[in-house]
Amino acid sequence: MAEKNRCEKYHTHISSKQKRFDLNIKEIWRYRDLVFLFTKRRFQLTYKQTILGPAWIFINPFLTSIVFTFLFGKVAGMSTDGVPQFLFYLSSNAIWSFFSASLTNNATTFTSNSGLFGKVYFPRLTVPISNVLSSAINFFVQMLMVMLVLVYYLIKGKVSPNWTAWLLIPFVLLVLGAMGLGLGIIISSLTTKYRDLSILVGFGVTLWMYATPIVYPISQLGDGIIKTILYINPVTAPVELFRYAVLGKGMVSLPLLAVSLAFTTIVLLIGILVFNRVEKTFMDTV
Amino acid sequence: MDNKNNEIAVKVSNVKKMYRLGQIGGGTLQADLQSWWARLRHKEDPNTKIDDNSRLYGQTFMALNGIDLTIYKGEAVGIIGRNGAGKSTLLKLLSRVTAPTDGEIDIYGRIASMLEVGTGFNREMTGRENVYMNGAILGMTRSEISAKMDKIIEFSEIGEFIDTPVKRYSSGMYVKLAFSVAAHLDAEIMIMDEVLAVGDVVFQKKCLDKMREAANRDGRTVLYVSHNMNTIRSLCERCIVLDKGKIVFDGEVDKAIETYLGGREEFSPFCDLTKIERPKTVALKNRDVDFLSIQVLNRTENRVEQGEPFRFLIRMFVHKKPENAMLRFIIYYRDGTVAGASFSDKTFVCIPDNELEITAELPTKNLAPGVYRVDMVAFSSDAFGNRRLLDRVDSAFSFDVVKKEDDTLLWNHAKWGNAQFDDTVITMAQVPSASESAEDVQTL
């Protein structure tokens, strides 16, 4: 009888008629070790057989921030709302790369894992989730660097962070991570059939960065169409909230945050819907 | 059939799987949008093909065309069929790699699929790391894997190499480790597709034993696909034959193998050999001799009693006169194992551009009862012993050797081979007296 219960417990029903929305959180939870292993593997493999190893996590944003400081700060002479330029670009870069990595890494979920997906079943969503997790770990490492620089400028008295707002950073990460995941899996689902999208992603994300107040503060742009675009952009509000917390300068707008949250929810739902449809038969088309 | 108990492990009902033929390119976007728009308005999809239930229509191909199957708990089921019959597609559906186009599948229990051993192995990571990874992919938790780690390492015979990156492993070690992980899963249903094609013989046997143990002792269900009839025979008690996407046989293993191999048997006493395609070797491009036909002489069917010679007439056409022409008959048992070969006792004389008729007598004294097929070869050899192929017809004819009527022994080809040697002569060294033999009976 116990045996029978065990089998009943693992009853799987496969039908040609697919359920539209089939998010099996219980199953993903059962495979949580796999999520962690995927995340771990991502790090292990990126830095295997490199001399500097994990130091690259620091070097990359460091160099990018220096380039930004030079290019946008010194050459273009953009304002940073009085925040020390290097700190401004370093923190902006940290939050943007978290979002963009969540998106771009997930955009190739199906195509780059087809070998594995084609051989064995496991909840496919474990891969996108682990991708977002590893972007989050990267973000935390970068935040360590941001903190170091922040402490330096705090001592010099050049910044005044809003420490209570730091409690909202997890919320920012949740929104941006979910948005990146949702968009990423929508793109990856579509690329199983139409490969054009994968080419567009890299270009699109770069473009998106310039449409987001990353290399400049939102206060820099006056009125008109550009401001509207910035406001519509669902990444703007979380990024500004993040900056408000870390740098003490930023725009906190509840309506815009609500729009951003709504957008994320919709994108995530559509993403899971499309992903569910595609994951069942994508092996036949990829 | 005895199903041990009637608990269902897998139930497949009317499953179909359709594949699109040709390239799937951007051109499908327009058709997809068209179909989607039509569906949205509840109109007929302009891109539907008419389903006439045949295997191929339009641009699609039915890899599985209506499969109904029930597998009970604890059964070891073999799945055989030619390439493209749908075996792997069926396993892919069961292991949920892809979804069926039509029909339903119910699976009671967890599935461990070993569709391809070593899936998810990463070359840069060590054996141990890969075991964790592979185990997690197959649905084990970290603690479950840790608990089984020692057993896995022991079974895989990897030993101290477990902490070395797998890129330094030999291919055999790689396979052994991968199989060990899959074999130690706590799954109720094990699916295996040709996993034993690699690895050494000793390890293959170990794996088969492990799977047999899983089925018999632990009551797990095993689904096994292979082209190796011997492993099917030794592991499975039930066998399914797939052909062109349909189940053509479901039942006893021996009968299934017979059905699968039987499709090729030619039992007519007359065979036209001109139409049979020759093996594609250079030597047979311009043949000096052409086999034309073969005609059985002493029987109306291709059936002979064991010991009675199988007599037939070979007709051939000689284009160019070969030196020392001889015949060779390679005899295969129906499952494809070679039983032996027989040569013509002398060379045959030919005249160029003429038809030639030869009567042949194939002795069947040493062939165990069963159905055999014969590859017929004509060759010539020069003074130095170099052989040259004249013509070769594979599966030129088949014949059935039946046992003598008074013999009640059933020949077991799987265990005893295909040759029955002359009876071993035994003589009693000491003839027991009547009283002694009476005692023997009592003690027994």
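Colleague: Which strand of chain B does strand 1 of chain A join, and how do the two run?
Modeller: Strand 5 of chain B, residues 102-108. The two run antiparallel, joined by 5 bridges. Keep in mind that this is a predicted model.

Colleague: What stands opposite Thr12(A) there?
Modeller: Ile107(B), in strand 5 of chain B.

Colleague: OK, the whole contact now. How many residues does each chain put in?
Modeller: Chain A gives 31 residues and chain B gives 39 residues.

Colleague: Which elements give two or more residues to the chain A side?
Modeller: Helix 1 (2-9), strand 1 (11-15), helix 3 (32-46) and helix 13 (254-281) of chain A. Helix 3 of chain A has the largest share, with 6 residues.

Colleague: And how do the residues on that side divide?
Modeller: The side of chain A that touches chain B has 13 nonpolar, 9 polar and 9 charged residues.

Colleague: New topic. At what angle do helix 5 and helix 12 of chain A pack?
Modeller: About 135°, with their axes 11 Å apart. Helix 5 covers residues 85-107 and helix 12 covers residues 236-247.

Colleague: Why call them oblique?
Modeller: Roughly antiparallel needs an angle over 145 degrees, and roughly perpendicular runs from 65 to 115. Their angle is about 135°, so helix 5 and helix 12 of chain A count as oblique.

Colleague: Is the crossing left-handed or right-handed?
Modeller: The crossing of helix 5 and helix 12 of chain A is right-handed.

Colleague: Which residues meet?
Modeller: From helix 5 of chain A, Leu87(A), Phe88(A), Ser91(A) and Ile95(A). They meet Val239(A), Phe242(A), Arg243(A), Val246(A) and Leu247(A) in helix 12 of chain A. The residues of this contact divide into 7 nonpolar, 1 polar and 1 charged.

Key: Residues numbered from 1 in each chain as written. Chains lettered and ligands numbered in written order. Predicted model: local features only at pLDDT ≥ 70, side-chain atom pairs only at ≥ 80, totals over all residues. Contact = placed C-beta atoms within 7 Å. Helix = DSSP H or I, 4+ residues; strand = E, 2+ residues; numbered from the N terminus. Nonpolar A, V, L, I, M, F, W, Y, C, P; charged D, E, K, R; others polar. Pairing = 2+ DSSP bridges. Axes fitted to C-alpha atoms, helices over the stretch in contact; angles between N-to-C directions. Parallel < 35°, antiparallel > 145°, perpendicular 65-115°, else oblique. Left-handed = near helix turned anticlockwise from the far one by under 90°.
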